[in-house]
Amino acid sequence: MSQPSRHVICRLVEIPDPGARGFSLPGARFPDEYFLVRRGAAVHAYRNSCPHAGRFLNWKPDAFLTRDRALIMCSAHGALYRMDNGACAGGPCGGAALTALPVAVEQGEVVTYIREKQL
Ligand code: FES
């Protein structure tokens with residue numbers, strides 16, 4: 001099995017606080033297949049696919065959060081998810097959670113370590 005490769009997604013300061021930002025990884029099939037959410041120094045990444053019906057969560061670039069920026073919201077039917085773990089927090093997600101992608105902040109950069117099979 002190949003070693004995971006380090007991929008820099010963006011700089012931490014490029015994500016609003018609190019806020020969200022869509023991104024893709026090398027070899028991804030669609031733009032913004034993933035998204036980051038940030039609150040202070042805490043950053044999490046999730047696959048941009050809602051467990052309710054498999055749609056993209058956002059309706060325009062980087063629009064992943066509720067108006068008060070407290071929760072992740074799917075624009076299709078209003079499912080709500082926690083920012084810190086992607087767990088369902090209301091709406092039609094029925095207890096399902098978003099799929100997380102491990103990320104870390106290293107020297108001000110948000111990075112992930114990926115194997116090609118992960119994409
Ligand atoms: S697809 Fe997201 S709430 Fe229905």
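This is a friendly chat about a predicted model of one protein chain.

Visitor: Hi! What should I know about the model before I start?
Guide: It is a predicted model, where local features need pLDDT of at least 70, side-chain atom pairs count only at pLDDT 80 or more, and totals for chains, interfaces and linings use all residues. Residues are numbered from 1 along each chain as its sequence is written.

Visitor: Thanks. How many helices and strands are in the protein chain?
Guide: The protein chain has zero helices and 10 strands. Helices (H or I, at least four residues) and strands (E, at least two) are DSSP runs, numbered from the N terminus.

Visitor: And is the chain compact?
Guide: The radius of gyration of the protein chain is 14 Å, close to the 14 Å that the globule rule gives for 119 residues, so the chain is as compact as a globular protein of that length. That radius is taken over C-alpha atoms, and the globule rule is 2.2 Å times the number of residues to the power 0.38.

Visitor: What does the C-alpha trace span along its principal axes?
Guide: About 40 × 30 × 25 Å.

Visitor: New topic: what is in the largest nonpolar core?
Guide: That core has 25 residues, and those with the most contacts inside it are Phe35, Leu36, Val37, Phe64 and Ile72. A nonpolar core here is a set of buried Ala, Val, Leu, Ile, Met, Phe, Trp, Tyr and Cys residues joined through C-beta atoms within 7 Å. A residue is buried if 20 or more other C-beta atoms lie within 10 Å of its own, exposed if 12 or fewer, and partly exposed in between, with C-beta atoms placed from the backbone.

Visitor: Which strand gives the most to this core?
Guide: That is β3, with four residues. At least two core residues come from each of β2 (19–23), β3 (34–39), β4 (42–47) and β5 (72–73).

Visitor: Back to Val37, what is it in contact with?
Guide: Leaving aside neighbours within four places in sequence, Val37 is in contact with Ala20, His44, Phe64, Ile72 and Met83. Two residues are in contact if their C-beta atoms, placed from the backbone, lie within 7 Å.

Visitor: Now the sheets. What is the order in the open sheet of four strands?
Guide: The order is β2-β3-β4-β8, with antiparallel pairing. Its edge strands are β2 and β8 (100–101), each pairing on one side only. Two strands pair if DSSP finds at least two bridges between them.

Visitor: How many bridges are there between β4 and β8?
Guide: Two, in the antiparallel sense. Tyr46 has Ala100 in β8 as its bridge partner.

Visitor: What about the open sheet of three strands?
Guide: Its order is β1-β10-β9, again with antiparallel pairing. β1 and β9 stand at the edges, each with a single partner strand, so one side of each is left without a neighbour in the sheet.

Visitor: How do β1 and β10 join up?
Guide: Six bridges link β1 (residues 5–11) to β10 (residues 109–114), and the two run antiparallel. Cys10 has Val110 as its bridge partner in β10, while Arg6 stands opposite Tyr113.

Visitor: And which residue takes a positive phi in the hairpin of β9 and β10?
Guide: Gln107, near 50°, and this hairpin has two residues between the strands. Three bridges join β9 (residues 104–106) to β10, and Glu106 stands opposite Glu109.
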